[in-house]
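I opened my notebook for a slow walk through this fold.

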Amino acid sequence: MRSVYFKELSIYFSSPIFYVIASIFICISGIFFYNAMVYVSLLATKIAQYQMETGVDMNEVLLRPVFSDMSMLIVFIVPIISMRLYAEESSLGTIELLFTYPLSDLSVLVAKYLAGLTVLFCILAITSVLMALMAVIAVPDWGVVFSSYIGLVLMGGAILSLGVFASSLTKNQIIAAALTLGLVLGFWVIGWFAGAVPNTAASEFLQEISLISHLSRFLKGMVTIKDIVFYVCFSVFFLALTLRILDSHRWRG
């Protein structure tokens, strides 16, 4: 499994795609961060000007908006990270070689998934520079910062499992990315329909399977077992579906 993991990582880091999406992610995150800092500065100036007793809640006006914007970026970059994991093997006709590895399909799948998750983690780690800059200017709530990063990694892992599943369905990487994005957006907005059937079991169900509803608590500094279990179970479910797809490839030869 380790050999497959490092092979996938070497492909990622030797490809310009990683550096392009990492650059785009940090640049756009930096723009969001700059806009939030400007807003906080203007708000603090007005409070001082009018001698208001209300202080500035850094979590509400800075941290949560920045991490919320990052979560939207993850929705778009993870499909690009995951699109090649199996689709490339299928298009090159080498997916059958995976079945000849002295490893189980599960081991290969886990190695590929962990490689994609490592890439996502590295991209998110780059944004720690923004948090360091914030610490120079203000005193952030580090509990909220760490819980937000945990939430982003867990949500990113859940989206990545969707991407691996979509990649196993097609030989075309673009189709795999588009399918992943469609599935993610579906699970992203499904909680919005809970309002159509309020105070019902259906409403609670729609809220529970929404990706964003579980992230919101992390952005508030709350790390709950319930939300962690949801993201882990979500990932395991779609990875299990991917195994079934791989089994069908094996039987079809």
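Below are my entries, from the overall fold down to single residues.

**Ground rules.** I am working with a predicted model, where local features need pLDDT of at least 70, side-chain atom pairs count only at pLDDT 80 or more, and totals for chains, interfaces and linings use all residues. Residues are numbered from 1 along each chain as its sequence is written, and side-chain values use heavy atoms, with hydrogens and water left out.

**Overall fold.** I found twelve helices and zero strands in the chain; helices (H or I, at least four residues) and strands (E, at least two) are DSSP runs numbered from the N terminus. I then asked how much of the chain is buried, meaning under 20% relative accessible area with a 1.4 Å probe and protein chains only (exposed is over 50%, partly exposed in between). The figure is 44% of the 253 residues. I also looked at contacts, that is, heavy atoms within 4.5 Å. Among those between residues at least 6 apart in sequence, 74% join residues at least 24 apart.

**H8 against H9.** Helix H8 (residues 142-167) packs on helix H9 (residues 173-189) at about 135°, with the axes 8 Å apart. That makes the pair oblique, since angles under 35 degrees count as roughly parallel, over 145 as roughly antiparallel, 65 to 115 as roughly perpendicular and the rest as oblique. Axes here are lines fitted to C-alpha atoms over the stretch in contact, and angles run from 0 to 180 degrees between N-to-C directions. On the H8 side I noted Met155, Ile159 and Phe165 among the residues in contact, and on the H9 side Leu179, Leu183 and Trp188 among them.

In helix H11 (residues 211-219), the buried residues include Leu211, His214 and Phe218. Just after H11, Gly221 takes a positive phi of about 95°. Val229 lies in helix H12 (residues 225-252) and is partly exposed, at 41% relative accessible area. I also checked Val229 against Leu154: 75 residues apart along the chain, their C-alpha atoms are separated by 9.8 Å.
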